[in-house]
Amino acid sequence: MWTTWKMQQILITTHTQNVEYIATRFPRDVQLYSEMLPVEAGLQKTIDNVSVPGLLVWVRSSNGKLLAQSTDFNSELTTTTQLMSMAEMPLKPQVYQFKDRYFVLYGGAVVVKGLLLGKVYMVQDITADQHELMSARQSLTIVCILATSVMMGAIALRIRRSLQPLHEMSQMAGVISAEDLGEAKLLLRHAPSEVKQLAQTFNMMLSRLSEAWEQQRQFVSNVSHELRTPLTIVSGYLQSVLRRSTNLNDNQREALETATSEAERTIHLLQDLLDLARADSGYIHFHLEPLILNDLAIEAATMAEKFSNRSITVKATDNVEAVADRDRLQQVLINLIDNAMKYSDPDDSIILELERIDRQAVIRVCDRGVGIALQHQSRIFERFYRVDESRARSTGGHGLGLAIVKTFVETMGGEIAVRSKPGAGSVFTIVLPIPQK
Ligand code: ADP
């Protein structure tokens, strides 16, 4: 815009200066010629002399009579007539627009030897130049728009390229979990140095986090271990006092029973915490071997029946084999059966189903208990998550049972899922790999 404005100014100045120059020369030339020729002939000679293409010059006497005029004025006839009929013209050359044409106009007195001859009028047609300027302006605008678009495109591409590593970083960071904090690293090959530096700082932070996480696991593991031993002794003493003392009154017996059950509950919690801390840090060794699940399921069911006086049915059409750690899988089944018993009525049935589907062994623990609402189903495997906190005391759990189950099943290469409907019961499904033949 500035360039076209400047070009326009230059064009106007050039034309006005040109007309101004002719206007100042005009009286001198007239005087020169009138010394040799009659005044009117001198005027005509001067006009012919100063005439250039596109310039119309004419002189009128003070009473308006046309004394002389240039001959080769090539503007349209009507415009010429209109211009010549104009009474007043500016004393300084100025640009005017008539319809779609542009002119520089000038009108000034012609004084020769102190005598006023009349008025000289000059009209310079600058339409062609003005049109050229307009088309130059149009081309410049198009070039500017194109250049700006190309530049913006290039900048956008560059920004996209610069942001790509950040996008990669966010994707990599998004999949880092507490379990793989130790090995997690952001690796960027093609990235600006600033982003690489950021990735480096991020990696350093990850390793510090990993250390802190490891320390915390160690702490939980140590505390659980240190507390479990004295608590087991306390619980043993309490049980022996309860068994042996014959002279306890009802209140004393109730207090001792409460203390025993609380000690048992806490030992259970500490054991769960210890199991999880060990599994997290990889200290639990899983002895994976081919197992017949039918025997294991019957063992777990028998064990649970013995402690609860409830009947548990094992259903299987055939022997189902899987690769797993015997003890850990038994612990998993007992935890699930224990939950099925805790969250259903004593006369509700509990079924353990075994099945082989494709290349997987499937174990289902089904109950017809309270069920789990949909919004809780994805969270019950989290540590310390309990659906109904108010039942914590009566059911005796801490919300760690399913977290342990999930950790164990996944470490054995399997998966666990739940399907449940409030009031209708729950089905916990474990899928394990079968032995490769
Ligand atoms: P808890 O020790 O509290 O039982 P779990 O981790 O074993 O902890 O279970 C977490 C929560 O999942 C429980 O508080 C309970 O609300 C719900 N839950 C687990 N198993 C069942 C089940 N078979 N039926 C209904 N709810 C269950």
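In the predicted model, helix α8 gives the most residues to the shell around the ligand, with 3. The elements that contribute two or more residues are α8 (326–342), α11 and β12 (425–433), helices (H or I, at least four residues) and strands (E, at least two) being DSSP runs numbered from the N terminus. Of the 20 residues around the ligand, Asn339, Tyr343, Asp367, Arg386 and Leu402 come nearest; a residue is near if one of its heavy atoms lies within 4 Å. Residues are numbered from 1 along each chain as its sequence is written. The model being predicted, local features need pLDDT of at least 70 and side-chain atom pairs pLDDT 80 or more, while totals for chains, interfaces and linings use all residues; side-chain values use heavy atoms, without hydrogens and water.

Polar contacts (pairs of N or O atoms within 3.5 Å) involve several residues. A polar side-chain atom of asparagine 339 lies 2.8 Å from a ligand oxygen atom, and one of aspartate 367 lies 2.9 Å from a ligand nitrogen atom. A polar backbone atom of histidine 398 is 3.3 Å from an oxygen atom of the ligand. The protein buries 96% of the 530 Å² that the ligand exposes when taken alone (Shrake-Rupley method, 1.4 Å probe).

Aromatic pairs, with ring centres within 6.5 Å, number 4. Tryptophan 58 and tyrosine 121 are stacked (planes under 30 degrees apart), with centres 5.3 Å apart and planes at 20°. Tryptophan 58 lies in strand β1 and tyrosine 121 in strand β5, 63 residues apart. Tryptophan 58 is buried (under 20% relative accessible area), at 0%, as is tyrosine 121, at 7%.

Methods
Phe/Tyr/Trp six-rings, centres within 6.5 Å; stacked < 30°, edge-to-face > 60°. Buried < 20%, exposed > 50% of the residue type's maximum accessible area, 1.4 Å probe, protein only. Polar contact = N/O pair within 3.5 Å; in protein donor to acceptor, adjacent residues only side chain to side chain.
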